[in-house]
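Please consider the following briefing on side-chain contacts and strand pairing. It is arranged by topic.

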Amino acid sequence: MGKFIGQQFDQYIIETVIGRSQLGTVFRARTRNTNRLVALKLIDANITEAPEIEQFVLQTAQLASCLTHPNIVPLLNFGKRNGRIYLASEFIEGRSLDSIQSALKKHRRVMQMDQALHIAAQLADGLEVAHQEGLVHGNLKPSNVLVVRPNNPPPGSGPSFRALLSDFGLSLIPEQGIAAAQFTPAKLLPYLSPEQCTGAPLDGRSDIYSLGVLLYQLMSGRTPFNVTSSTEAIMRHSLERPLPVITLRPGLPPPVAHIIDIALAKNPANRYQHASEMAQALRQITQSPEVNPAFNTPVMVHTEGQIVAETSPDIKPSYHVRPDTKNVTAILKDLNEEEDDLTKTSPEQNGTPSGRDMASGADGSAQRHHAPIILDPEPVSVSPAEKDTAEYGAVIVPESPTQIFQASLTETYIVISHQGRPPRYINMDRPRFRIGRAANNDIVLQAPDVSRHHAFLEMTKKGWQITDLGSSGGTYWNRKKLKPQEPELWPADQTVQIGPYYLHWQHEKPLEEADPQVVNEQMTQLFQVPAGASQRQSVHGRFNAVLYPSLLTLGPGQETTLQIELFNQGPVIDTFKLTVSGLHRSIFSLSQNMLSLAPGARASIPLVIHLPQPGTLLARRIPAGPRPFKLTIQSITFPDEMSVLAGQLTVSPYESFSIGLWPGEIDNGGTCRVLTRNEGNTTTTLSLTSHDKDGRIQFVSKQPRVKLEPGDTATQDVTLYYREKPLFGRTRRIPFELEIATDNGTRKTKSGILNIKPRIPLWVIVFLEMALIFMLVLAILSNRFTG
């Protein structure tokens with residue numbers, strides 16, 4: 001694969017190899033036009049030789065490219081070039097869960113329980129989004145889970161790392177099951193569901209089983225079954241019960257073991273029916289009083305230096321627990337020090353966590369790059385002054401208050417954001433600020449939820465301090481209300497909410513586009529949000545978005561334009577990605593799905609929704625009724641900043657159907673078939689009636705009414721009888737009509753001919769006449785000869 005380095009593949013310039021797997025090779029590449037980093041996976045040509053496998057991979061990639069969620073690695077592009085299928089994903093720096101597990105296993109440790117629950121809950125969140133779009137991952141294993149640590153994790157949000165799913169649908173297991181698979185990665189065998197092994201129908205519950213295997217491994221350090229062949233996987237996943245996880249990890253809270261047992265149920269009906277249910281159960285566990293926080297001590301069950309071998313449930317293995325000498329972060333640090341390709345100074349040298357990140361790649365193998373450690377760092381013993389400096393970003397405390405103020409407030413600004421307006425920057429050029437609605441405050445915030453004298457800011461030896469002055473609306477930090485008259489230290493970049501305003505402070509000088517405002521300028525809203533609009537501010541208030549109208553009704557063939565208003569309320573230039581989910585990709589168009597805005601800048605992006613013309617195949621695929629959709633806006637600069645706007649498209653119903661008659665001409669007592677197709681976008685009940693001019697035809701149908709979904713067809717057999725069959729004569733052609741009508745009165749008819757033959761055919765009468773004439777002639781001739 002080295003021949004690709006430095007070469008151009010489609011629109012990508014390949015830079016280096018990230019990793020290799022049994023499916024192919026992953027490269028770090030850049031787009032030729034935008035210079036954007038991507039993880040480019042080239043699948044080996046021999047893997048997709050069969051046309052059905054190639055079609056499956058491309059169809060799965062098309063579905064995966066529509067997924068947008070913080071716990072899913074975005075698939076940016078895919079296709080086929082020079083006989084090879086390629087998948088271009090967003091280049092995300094982090095570590096695979098497989099590499100973390102290997103590091104822990106080397107030191108005979110398992111992951112801390114709260115971290116394992118956090119990772120499993122996040123993966124369940126990502127799976128729920130995929131399952132709602134009809135996509136089963138089918139390839140869930142540690143090497144396809146990427147763990148990253150956000151640059152600015154929100155305080156109080158749990159462990160400061162994020163788990164992401166990658167490689168959707170690349171298990172390549174056919175519908176017949178693993179026994180019929182031409183190629184199955186060996187590393188996937190321990191994580192297959194019973195359905196994947198036996199060829200049973202797959203749905204989201206298959207991924208829940210795989211997630212249960214993963215959680216079992218995170219808690220115990222090993223998978224439920226150590227399988228090495230397809231036959232062994234079929235037998236053990238389908239029939240054998242795993243060793244209880246609580247046996248491998250004594251002291252594990254029973255609720256955790258119960259979640260794993262439910263996820264690993266052999267029968268899908270006994271598992272969690274939705275991934276969101278499992279995510280909710282996992283998060284509830286962390287808040288349960290039965291969970292002992294001390295149990296977060298990482299340990300590994302082992303025997304004589306090795307992981308316990310699998311045994312029968314009736315055999316209790318021997319084990320002992322090693323003392324807690326190092327936590328997960330320390331083990332990862334040791335792993336980094338063993339790598340020869342890159343070196344990095346220790347935290348004691350530069351004040352930052354040591355470690356390496358890995359870009360999303362194949363089977364978790366990846367090229368390392370400089371980035372923070374994944375998991376929470378070990379606490380370091382420091383002096384109280386150093387602790388305050390590290391935690392709050394304040395300088396070493398000078399002796400005099402004047403020195404405190406002068407040393408701490410250099411180039412420091414407070415940033416005030418509000419929905420629908422750009423941020424305001426106020427130079428923190430004094431040691432104290434009073435905030436409130438009254439005009440005599442240092443910072444005036446005019447809003448009904450802001451008290452006359454609301455809060456007080458003061459520089460102390462430990463840093464900036466904020467005090468709620470007994471306000472009626474309250475001052476909120478980390479979604480918690482501050483206690484009145486009790487000062488709290490205010491760290492840099494920590495957002496405080498006062499009424500509709502969001503405040504944080506920073507050391508950087510604002511950009512020229514966002515000039516600092518005078519401290520006594522009153523904050524007012526720039527515009528009124530239109531009625532019927534959906535408005536949301538991002539998680540930490542760095543941007544605000546409006547979608548209007550959010551409720552709309554359209555009929556087939558109609559079109560309308562929605563407006564998306566986006567405001568950058570942050571202190572820096574930011575790039576935003578816009579994604580629409582819940583609507584068929586063919587019925588909407590977004591003028592741009594990515595744009596950059598300067599601080600305080602505003603943009604209007606049109607979202608055009610156009611329904612297909614009635615009677616077309618696509619129109620039938622978009623049934624009538626309400627269709628909720630979501631507009632997700634995510635910051636590229638700050639990945640944790642996102643906003644989700646909800647809307648609803650109501651598709652108006654219309655009725656349309658076609659009918660056919662075959663054959664169009666039948667004999668008395670014969671049967672004809674009426675073919676009907678529902679070409680509308682709503683469920684329709686069709687009734688069959690018939691009539692002729694004289695009312696002498698009897699029509700018999702076993703199914704006079706049929707109910708059809710959009711696009712469905714039905715066949716109705718009709719037998720016709722003429723009530724009075726003539727004794728003799730010519731065949732009569734009687735016209736008739738069959739009518740199909742809906743309950744709303746829409747009608748269509750089809751004409752036919754019924755042939756009525758007499759009881760005595762015409763040829764018999766002619767034959768008798770000829771015979772009589774012949775007999776008369778014979779009699780006359782006979783008389784002449786005898787006379």
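Predicted model: local features only at pLDDT ≥ 70, side-chain atom pairs only at ≥ 80, totals over all residues.

Residues are numbered from 1 along each chain as its sequence is written, and side-chain values use heavy atoms, with hydrogens and water left out.

**Sheet**

- An open sheet of mixed pairing is formed by five strands in the order 27-34-33-29-31; strands (E, at least two residues) and helices (H or I, at least four) are DSSP runs numbered from the N terminus, and two strands pair if DSSP finds at least two bridges between them.
- Strand 27 (551-554) and strand 31 (594-597) are the edge strands, each pairing on one side only.
- On average, neighbouring strands of this sheet are turned by 25° against each other, direction ignored; the axes are lines fitted to C-alpha atoms, and angles run from 0 to 180 degrees between N-to-C directions.
- Strand 27 and strand 34 (residues 642-651) run parallel and are joined by four bridges. Leu 554 stands opposite Val 651 in strand 34.

**Salt bridges**

- The count comes to 20 salt bridges, each defined as a side-chain nitrogen of Lys or Arg within 4 Å of a carboxyl oxygen of Asp or Glu.
- Glu 232 and Arg 236 meet in a salt bridge at 3.7 Å, N to O. These two residues are four apart in helix 6 (residues 230-239), which separates them by about one helical turn. Glu 232 is partly exposed at 24% relative accessible area, whereas Arg 236 is buried at 14%; buried means under 20%, exposed over 50%, and partly exposed in between (1.4 Å probe, protein chains only).
- Asp 717 and Arg 673 form a salt bridge at 3.3 Å, N to O. Asp 717 belongs to strand 41 (residues 713-722) and Arg 673 to strand 37 (residues 671-678), so the pair ties together parts 44 residues apart in sequence. Asp 717 is partly exposed at 38%, and Arg 673 is partly exposed at 46%.
- Asp 743 and Arg 705 meet in a salt bridge at 3.6 Å, N to O. Asp 743 is in the loop between strand 42 (732-742) and strand 43 (747-756), and Arg 705 is in strand 40 (residues 705-708), 38 residues apart. Asp 743 counts as exposed at 53%, while Arg 705 is partly exposed at 46%.
- A network of salt bridges links Glu 15, Arg 28 and Arg 30.

**Aromatic pairs**

- There are five aromatic pairs; rings of Phe, Tyr and Trp (its six-membered ring) pair if their centres lie within 6.5 Å, and planes under 30 degrees apart count as stacked, over 60 as edge-to-face and the rest as tilted.
- Tyr 12 and Tyr 86 are paired edge-to-face, at 6.2 Å centre to centre and 65° between the planes. Tyr 12 lies in strand 2 (residues 12-20) and Tyr 86 in strand 6 (residues 84-90), 74 residues apart. Tyr 12 is buried at 3% relative accessible area, and Tyr 86 is buried at 6%.
- Phe 433 and Trp 464 form a tilted pair, with ring centres 6.3 Å apart and planes at 50°.
- Phe 9, Tyr 12 and Tyr 86 form one aromatic cluster.

**Charges over rings**

- Arg 542 lies over the face of Phe 638, at 4.0 Å from the ring centre; this requires NZ of Lys or CZ of Arg within 6 Å of the ring centre and within 35 degrees of the ring normal.
- The charged end of Lys 748 sits over the ring of Phe 657, 5.3 Å from its centre.
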